[in-house]
Amino acid sequence: MPSFLSQKDYLDRKELSAIQLERLQRIVRHAYEHSPFYTKAFDAMGLKPEDIRALDDIVKLPFTQKTDLRDNYPYGLNAVPRSEIVRLHASSGTTGKPIVVSYTRDDLETWSETAARCFLMGGVTPDDVAVISYGYSLFTGGMGAHQGMERVGATVIPQGGGNSEKLLMLIQDLQITVICCTPSFFVHLMEVAGKVGFDLKGSSLRHGFFGAEPWTDEMRRHIEEGTGIIAHDIFGLSEIMGPGVAGGCDAHAGLHIFEDHYYPEIVDPATGVALPPGEEGELVLTTLDKWAMPLLRYRTHDITRLHYEPCSCGRTLVRMDPIRRRSDDMLIIRGVNLFPSQVEALLLPIKGIVPHYELVVTRTGAMDDLEIRVEVTPELFGDQVSVLEALQKEISSKIKGMIGINARVSLVEPGAIARSDGKTRHVIDKRFNK
Ligand code: DLL
């Protein structure tokens, strides 16, 4: 019998659609009446809230873009008085200023609920001891996971990002069973554990909730085989709420979107035209009951597919494929398209490589140059030059063979690639003064 919160994961589609429509109509009216940004956008289109009569009418609504948040920085999309806002978070924008997101008390409640449903789906119970190793900061990871775990009733340890050796000590001493962090930080933790002789496999840890950046099946295997834990995917974005917009279930057949709060669509990233279920495109999300800063048809730039067929776990919530790429991180190098996740999938099986890498793109004249900087294990880094050169050649030829690009490979020492908020930034594109 699912817990009270999880019962909403199993609603009959008709019942769910009725809830979604009622909430959509309510939030559209709220946005139109209280957010100057949407009042202006609706009026410019000659659109009225009463034009939304069915869920399919959602396509009549204007899209919202990250640039709208930038242009209306910091409070221009808010739809409640400042006195009702109890929290702000922020995320990187497309220019120097961050984008700021606001929450009412009810919004925080919704956020806790969906994060909690995500953890319940992964099997967390009040008997668990959970450490939050996402950053507690303007980034939504720390607070979002924290609230969700508290809502489940687990014992929560607000450790925050970094501090690997102390974290290992806490895992041991506090008998921690669940960790929430970025997948790249967890792989780093595995490396530190190896270095200091800490046996993660024999430890109390049994679940990890990894998100905030794309990761691959190879990485999941690396984590699960190396530590014996179950690796769950957790997805979210600050603009919509934070972690817990969607999460993976035991079937490992995609991530269930909490559709009673976040309404998903898939559109062609180039044209914005809505695509039928099952087709790959850009995920667009509408917040159905977020009051401080409602967002209608927000263009996430995350590329995925939606699956409405029943999941073997029994949940009726739509599933999305794991996010592996964004419509805006594709590189075109000398006419060849390249996604960082493709490089990652090639690197991971290679012995001596740790999954921290960055792609640095520069241009001399009309010629693009790709440098792939890859961290190697300390053992390998201290090895003979000839061994390192052979590895460099191996990687270059794999990249050439699979992707068709000549890349310069630089092997760098562990920790040489910068992380922020625990995330590795995989692309540094210097061609367009970014
Ligand atoms: O990363 C929220 C979050 C925190 C999610 C902790 C999960 C865990 P932002 O910093 O605004 O928010 O970044 C959002 O990160 O549009 C995706 O491109 C990417 N992303 C988030 N979760 C995943 C995931 C947080 N599980 C952007 N898989 C999103 C792949 C993810 N990409």
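Which residues of helix H8 (residues 217-227) are buried? In this predicted model, the buried set is Met219, Arg220, Ile223 and Thr227. These residues sit on the same side of H8, because they cover an arc of only 105 degrees around the axis. As for what they pack against, the list runs through helix H7 (183-196), strand E6 (207-211), strand E7 (230-237), helix H9 (340-347) and strand E18 (353-364). Just past the end of H8 comes Gly228, with a positive phi of about 80 degrees.

**Another helix with a buried side**

Helix H6 (residues 164-173) can be read in a similar way. Its buried residues are Ser164, Leu167, Leu168, Leu170 and Ile171. They span an arc of only 160 degrees around the axis, so they end up on the same side of H6. Turn to the face that points away from that buried side and you'll find the exposed residues Glu165 and Asp173. The cover over the buried residues of H6 includes strand E3 (129-132), strand E5 (178-181) and H7. H7 is also among the elements that the buried residues of H8 pack against. After H6 comes Gln175, and its phi is positive, near 55 degrees.

**Around the ligand**

Now for the ligand. There are 21 residues around it, and Ala212, Asp233, Ile234, Ser238 and Asp302 come nearest. Strand E7 gives the most to this shell, with 5 residues.

| Protein side | Ligand atom | Distance |
|---|---|---|
| Ser91, side-chain N or O atom | oxygen | 3.4 Å |
| Ala212, backbone N or O atom | nitrogen | 3.0 Å |
| Ile234, polar backbone atom | nitrogen | 2.7 Å |

Taken alone, the ligand exposes 610 Å², and the protein buries 93% of that. Two of the residues in the table, Ala212 and Ile234, are also listed among those that come nearest to the ligand.

If you like checking backbone angles, a few spots deserve a look. The peptide bond from Tyr73 to Pro74 is cis, with omega near -5 degrees. Pro74 belongs to the loop between helix H3 (66-71) and strand E1 (85-91).

Arg297 is another, with a phi of about 50 degrees, and its loop runs between strand E11 (281-287) and strand E12 (298-304).

Are these two buried or partly exposed? His252 has a relative accessible area of 42%, so it counts as partly exposed. Arg297 is at 3% relative accessibility and therefore counts as buried.

**Some buried side chains to look up**

What does the side chain of His146 make a polar contact with? Its partner is the side chain of Tyr136, at 2.7 Å. His146 is part of helix H5 (residues 141-152), and at 16% relative accessibility it counts as buried. Setting aside neighbours within four places in sequence, His146 is in contact with Ile132, Tyr136, Val156 and Pro158.

Arg319 is a charged residue in strand E14 (residues 319-320), yet its relative accessible area is 9%, so it is buried. Not counting residues up to four places away in sequence, it touches Ala253, Leu255, His256, Arg305, Leu306, His307, Glu309, Pro310 and Cys311. One of these, Glu309, has its backbone oxygen 3.0 Å from a polar atom of the Arg319 side chain.

Leu338, in strand E17 (residues 336-338), counts as buried at 1% relative accessibility. From Leu338 to Leu24 the distance is 38 Å, C-alpha to C-alpha, and the two are 314 residues apart in sequence.

Technical notes
Residues numbered from 1 in each chain as written. Predicted model: local features only at pLDDT ≥ 70, side-chain atom pairs only at ≥ 80, totals over all residues. Heavy atoms only, no water. Buried < 20%, exposed > 50% of the residue type's maximum accessible area, 1.4 Å probe, protein only. Helix = DSSP H or I, 4+ residues; strand = E, 2+ residues; numbered from the N terminus. Arc of directions from axis to C-beta. Contact = heavy atoms within 4.5 Å. Near = heavy atom within 4 Å. Polar contact = N/O pair within 3.5 Å; in protein donor to acceptor, adjacent residues only side chain to side chain. Areas by Shrake-Rupley, 256 points an atom, 1.4 Å probe, with all protein chains shown as cover.
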